[in-house]
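Open the model in your viewer and keep the selection tool ready.

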Amino acid sequence: MFYREAGQFKTTYAADAALFPILQDKLGIALILVAAFILVPLVASDFVIDSVLTPILVFSLAAIGLNLLTGYTGLLSLGTAGFMGVGAFACYKLATLFPGINILVMIVCAGFFAAAAGIVFGLPSLRIKGFYLAVATLASQFFLSWCFIRIPWLYNYNVSASIEVPTRTLYGLPITGPTATPITRYLIVLAIVSVMTWLASNLIRGRIGRTWMAVRDMDIAAELIGIKLYPTKLLAFAVSSFYCGVAGAMLVFLWLGNAESESFGINQSFIILFMVIIGGLGSLLGSFLGAALIWGLPIVLRSAAATFNLPLNAATVEQMTFMILGALIIFFLIVEPSGLARLWQIGKQKLRVWPFPY
Amino acid sequence: MRAPTGPEVAVGDVLLSVENVSLAFGGVKAVSDVSFDIRKGEIRAIIGPNGAGKTSMLNVINGFYHPQDGRITFKGQTRGQMRPHDAAYGGIARTFQNVALFRGMTALDNIMTGRSLRMRRGFIWQLLRHGPALREEVEHRHRVEEIIDFLKIQEIRRVPVGRLPYGLQKRVELGRALAMEPELLLLDEPMAGMNIEEKEDMSRFILDVNDYYGTTIALIEHDMGVVMDLSDRVVVLDHGIKIADGTPDEVKNDKTVIDAYLGVAH
Amino acid sequence: MHLLYQIFIDPFVQMGTAPDLLVQTLWEGLVAGVLYSLIALGFVLIFKASGVFNFAQGIMVVFAALALVGFYQHGVPAFLALGLTVVVMLLLAFAVERLILRPLVNQPDIILFMATFGLTYFLIGFGELIFGGDPKVMISSQLGLPSGSYQIKMLGGFVQLQKIDIAAAIIASLMVAVLAIFFQKTRIGRALRAVADSHRAALSVGISLEQIWVIVWFAAGIVALATGIMWGARSNVSFALEIIALKALPVLILGGFTSIPGAIVGGIIIGVGEKIGEFYWGPLFGSGIEDWLAYVIALVFLLFRPQGLFGERIIERI
C-alpha cells in the first residue's frame with residue numbers, strides 16, 4: 001500500500017469511530033476536496049464540468065438516496081425518479097411563487113416535499129415486503145409520472161408541459177437560469193452534495209444506520225431486539241426521498257435548466273437503480289462510482305468511436321450503452337454482487353500486502 | 001425509546017408465568033394448554049423431544065407468535081399475548097436456534113444494535129453526529145466493550161459476522177442479547193453444533209451471566225448433561241403438552257419423561 | 001357535493017343508460033386482460049420452475065415479435081419465419097441458462113431478479129440495434145389470423161368484437177390448458193416444481209437443473225412469442241410494449257406468482273378494472289389513469305391479502 005495503516009492506535013472510542021480514522025485517509029479526502037473545489041474550476045473545460053462532473057454529482061446524490069433505502073434498509077424501490085420529480089416540480093413552484101426567497105432555501109424545501117411524498121408512498125411498507133413492495137413503488141412511480149403531465153398547475157400551464165428555470169442569484173451572482181455559468185452551478189452542486197454526503201455518512205455510522213441495516217438483514221430479529229419496524233422504514237423512505245428530491249431539484253435548476261415529465265419516468269428510476277447495484281449496495285462510495293460509470297459510459301463510447309473513426313450515431317451509442325449496461329449488471333452480479341465499492345476494497349487490500357499475494 | 005420499565009421483582013419470586021397457553025398453526029397444534037413459571041434469578045431448562053413445542057413456547061414469550069388461548073404474566077402484568085416491543089422493553093432478550101445475527105454488519109455493530117432500546121438521541125443529533133449523539137455512542141460503546149471482554153471476542157470485533165465460524169457467531173449473538181441488559185434471557189439451543197470445549201465455554205458464560213449479572217435464564221437444550229448441571233428447575237414438553245416440571249433430579253427419574261424420550265407410545 | 005355525485009352516481013348512471021357501451025368496455029377489458037395474463041403466464045412459468053422472477057418477460061415478448069417481423073421483412077415466408085423465431089427463442093433460452101442462471105445458481109432470489117433487469121436492458125439495446133426502433137406491423141394475415149370484426153346488435157345498441165381478439169382469447173385458453181396439464185401430469189412438470197422449491201434438493205435427487213431451466217425458459221419464450229403475435233396484431237410492435245408489459249406485475253400480485261389459473265383471473269380483473277376505470281372515471285381525473293390504475297388496484301389488494309388471490313400464505317419461522 002502507499003502508506004502504512006498499522007501502527008496508528010486510537011486512544012478513545014470517539015477517535016475509533018471517526019469517518020476517516022487513518023491520518024493518510026484524512027489527508028486523502030482533504031486533497032480530493034481541494035482538487036474538486038479549487039483545481040477543477042481552474043483546469044477543466046466548461047464542457048467537462050457541465051456534461052460530465054455536474055451530472056455525475058447530481059446522480060450520485062440520487063444514488064445515495066436510493067442506496068439509503070435499498071442498500072442500507074433493504075427496501076427495493078423502483079420509484080426513485082418519481083421522487084426526484086417531486087423535488088424538481090416543488091422547487092419550481094416554490095421558486096415561481098416566491099421569487100424573492102433564496103433558491104438554495106427552495107431546493108432544501110423541495111426536499112421536504114419529496115420526503116413527504118416518500119412517507120405517503122412508503123406507508124404500505126408495513127404490510128408489504130420485499131419484491132411486492134417493489135411493485136408498490138412502481139405504483140408510486142407511474143402515479144407521479146402521470147401527475148407531472150396531467151396537473152398543469154405544476155408546470156405553470158406551460159403549453160409544452162415543460163418547465164424553464166428562472167434566473168436566481170446568490171449574493172448577486174446568478175446561479176440558476178441561462179446566465180449562470182457552468183462553474184458557478186458546479187460549485188453549488190458540489191457544495192450541496194458534499195454536505196449531504198457527510199450527513200448521510202453520519203446517519204449510517206450511528207444508531208439509525210444500524211437499525212436500518214438490522215431491518216434489512218433480519219427484520220424479525222430486529223423487532224425482537226426492540227427496534228420499531230414501521231417508524232424505521234418510514235424514516236428510510238423519508239430520508240431517501242429527501243435526497244432524491246434535492247437531487248431532482250438540482251438536476252433541473254443547477255444542471256439542465258429545464259425539464260419535461262419524461263425526465264422523471266420509469267427509465268430514470270432504473271438507471272439510478274443500476275448505478276446503485278453496480279456501484280455497490282450499502283456503500284456511499286459506491287453511489288459515486290456507479291454514477292460515474294453509468295454516466296461516463298456513453299461518453300467513453302462516443303470518444304472511442306471518434307478516436308477509432310467508427311461511424312456511430314447517437315441512437316447506436318444509446319443502444320450499445322443499453323447492451324453494455326445490461327451485460328455489466330449481470331457481470332457484476334456474478335462476479336462481485338457488492339459492486340465497484342467492494343472491488344475498490346479488494347484492490348486496496350491487495351495493495352496493502354503487495355508484493356505478497358496475501 | 002424508553003428504558004425498560006415494570007415493577008421490581010424480588011429474587012425467588014415469579015418473574016414470568018405462562019398459564020394455559022395453546023398455540024396452533026392451522027391444524028397443527030404446537031402447544032396445548034401449557035402452564036409453568038420462571039422464578040427470578042434461576043436457570044430454567046425447557047426440554048423435550050424434537051417437535052415438542054419448545055421453540056414455539058419461547059416465541060410466544062417473546063411475542064413473536066400469538067397464542068390462541070392462555071395468558072402470560074411478566075413482572076406482574078398479565079396479557080393475552082405479548083408484543084415484541086413489550087417483551088423487549090420489559091427486559092426479555094433471546095438467542096435463536098439458527099443464529100439470527102445481522103449478516104451485513106460486524107460483530108461490534110451487531111452487539112451495538114442490542115443497545116438500540118437505550119439510545120435516545122434523536123434524528124437531528126444523529127445527522128450531526130458530533131456532540132450529543134457521538135457522546136451517547138461512546139457511552140454505549142463502553143458497555144458493549146465490557147460484554148466483548150466478558151465473552152472474549154475482542155479479536156473479531158470488526159469482522160462481518162457472516163464470516164465467523166459457527167461457535168463464535170453464537171457468542172456474538174449471546175453478546176447482542178446481553179447488550180439489552182435483559183432481566184430474562186431466553187436461549188434457544190445455545191450449545192447446538194458445538195464440541196465439548198465450546199460447550200464448556202458456553203456453559204461457563206451462561207453461569208457467569210446468571211451469577212454476575214443476575215439474569216434469569218430460560219434455556220432450551222438437548223444435551224442432558226448440560227441441562228442437569230446448569231439448571232435449577234426443568235420443565236419437560238412432549239408433543240406440545242407439559243409432562244413434567246421440577247428439579248433436574250425429579251425430572252430425570254420421572255417415568256413419563258423417560259418414556260417420551262425412549263419413544264414409548266402413550 | 002357535486003364531486004361525490006360525479007364519483008359515486010354518475011358513472012353507474014352512464015353504465016345503465018348505455019349498456020351496449022358497457023358491454024363493449026367489458027369486452028375490451030377482457031381482451032386486454034387476456035393479453036396481460038399471457039405475459040403473466042410467462043412469469044409464472046419461470047417462477048414456478050426456477051424461483052426466478054423474470055423481469056425480462058416483457059422484453060422477450062417484444063423481442064420475439066420483432067424477430068418474427070424481421071425475418072419476414074428479409075424475405076422469409078411467414079410460417080418459416082415463425083419456425084425460425086421459435087429457434088431464436090430456444091437459443092435465447094440456452095444463452096440465458098448458460099450465461100446468467102448457471103453462474104448465479106444458489107444466489108438469493110433478489111440477485112437473480114436484478115440479473116433479469118440486466119437482461120432486460122441488454123435485450124432492449126440488442127433488439128433496437130438489430131431490428132431498429134421504429135414500430136413495425138405484425139404479419140397477422142400471413143399467419144392466418146383473422147381480421148375484421150363481428151357486429152352484434154344487443155341491448156339497444158351495437159357491440160363490436162374484433163375477430164383477432166376472439167382468436168387471442170381462444171389461443172390463450174388453449175395455451176393455459178396445455179401448460180396446466182403439463183405441470184400437473186407430466187414427469188417434467190413435476191421436476192419443474194421440484195426445482196422451484198429448492199435447487200439443492202432437486203440436484204440431490206438427480207434432476208438436471210440446466211435442462212429444466214432451458215426447457216422452462218424456452219416455454220416462456222414460446223408464450224412470449226404467442227403474446228407478441230397477438231399483441232402486435234392488435235396494435236403495432238414497438239418498444240412501448242415493454243412498459244405495458246410491466247402491467248403483468250399487478251396481475252401477478254393479484255393472482256399469485258405460482259398459479260396459472262391465478263394469472264388468468266388476475267389478468268382479467270386488472271384488464272377489466274382498468275378499462276372500466278378509465279372509461280367511466282377517467283374523464284373525472286383528466287384521463288390517462290390507465291397508466292397507474294392497475295398498480296393502485298394491486299396495491300390495495302396487497303394491503304388486505306399480501307399473498308394474492310391464489311398464492312400461499314407465507315409463514316415466517318425463526
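Start in chain B with strand β4, residues 69–74, which pairs with β5(B) in the antiparallel sense over three bridges. Strands here are DSSP runs of E with at least two residues, helices are runs of H or I with at least four, and both are numbered from the N terminus. Two strands pair if DSSP finds at least two bridges between them. Now pick Thr73(B): opposite, in β5(B), stands Thr78(B).

This is a predicted model: local features need pLDDT of at least 70, side-chain atom pairs count only at pLDDT 80 or more, and totals for chains, interfaces and linings use all residues. Residues are numbered from 1 along each chain as its sequence is written, while chains are lettered from A and ligands numbered from 1 in the order in which they are written.

Next, select chain C together with chain A. Here 38 residues of chain C are in contact with 33 residues of chain A (contact: C-beta atoms, placed from the backbone, within 7 Å). On the chain C side, α6 (109–131), α12 (248–255) and α14 (290–304) each give two or more residues. Finish on α6(C), which gives the most to that side, with 15 residues.

Key: Contact = placed C-beta atoms within 7 Å.
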